[in-house]
Amino acid sequence: MSYATYTMTAEKLEKIRKHAAGTENLSFNVKDCHYCGHKSILIYEDARGHVQAKCKICGEESLYNVLLRRSRSFYYNPVR
Ligand SMILES: [Zn+2]
């Protein structure tokens, strides 16, 4: 297995912090990979539309329609 090499810069750190801002108190649901069942993506309650994730285990890409969620209780919130 090969790992990509990259250089962390202040701009990249700022981008990571910017995208993660506001997720601390959100509920989320963990979706399994369609192919192998590995938990491959966290979907936060404020997500809308379609998302795609590549599984770290089997390498397949799974597409999810976030709007097909069942109810608010579908999401897990460790704070509540
Ligand atoms: Zn998989």
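**View 1. Contacts of C55 in the predicted model.** In this predicted model, C55 touches C33, Y35, C36, H38, S40, E60 and S62, leaving aside residues up to four places away in sequence. C55 itself sits in the loop between β3 and β4. G37 lies 18 residues from C55 in sequence. In space, C55 and G37 are 9.4 Å apart, C-alpha to C-alpha.

View 2. Is C55 buried, exposed or partly exposed? C55 has 19 other C-beta atoms within 10 Å, so C55 counts as partly exposed. The buried class begins at 20 or more such atoms. Across the protein chain, buried residues make up 4% of the 80 residues.

View 3. Strand β1 covers residues 28-32, and strand β2 covers residues 39-44. The two pair in the antiparallel sense over five bridges. Which residue of β2 is the bridge partner of V30? That partner is L42. Six residues separate β1 from β2 in this hairpin. In the turn, G37 has a positive phi of about 85°.

View 4. Strand β3 spans residues 50-54, and strand β4 spans residues 61-65. Their pairing is antiparallel, over five bridges. K54 has E61 of β4 as its bridge partner. Six residues lie between β3 and β4. G59, in the turn, has a positive phi of about 85°. The loop between these strands also holds C55.

**View 5. Helix α1 and the order of elements.** The protein chain contains one helix and four strands. From the N terminus on, the order is α-β-β-β-β. Helix α1 takes up residues 10-20. Among contacts between residues at least 6 apart in sequence, 26% join residues at least 24 apart.

**View 6. Confidence along the protein chain.** Mean pLDDT for the protein chain is 85. A value of 70 or more is reached by 82% of its residues. Which element has the highest confidence, and which the lowest? Helix α1 is highest, at a mean of 95. β1 is lowest, at 90. Where pLDDT is low, predicted coordinates should not be read in detail.

Conventions: Residues numbered from 1 in each chain as written. Predicted model: local features only at pLDDT ≥ 70, side-chain atom pairs only at ≥ 80, totals over all residues. Pairing = 2+ DSSP bridges. pLDDT = per-residue confidence, 0-100. Buried ≥ 20, exposed ≤ 12 C-beta atoms within 10 Å, placed from the backbone. Contact = placed C-beta atoms within 7 Å.
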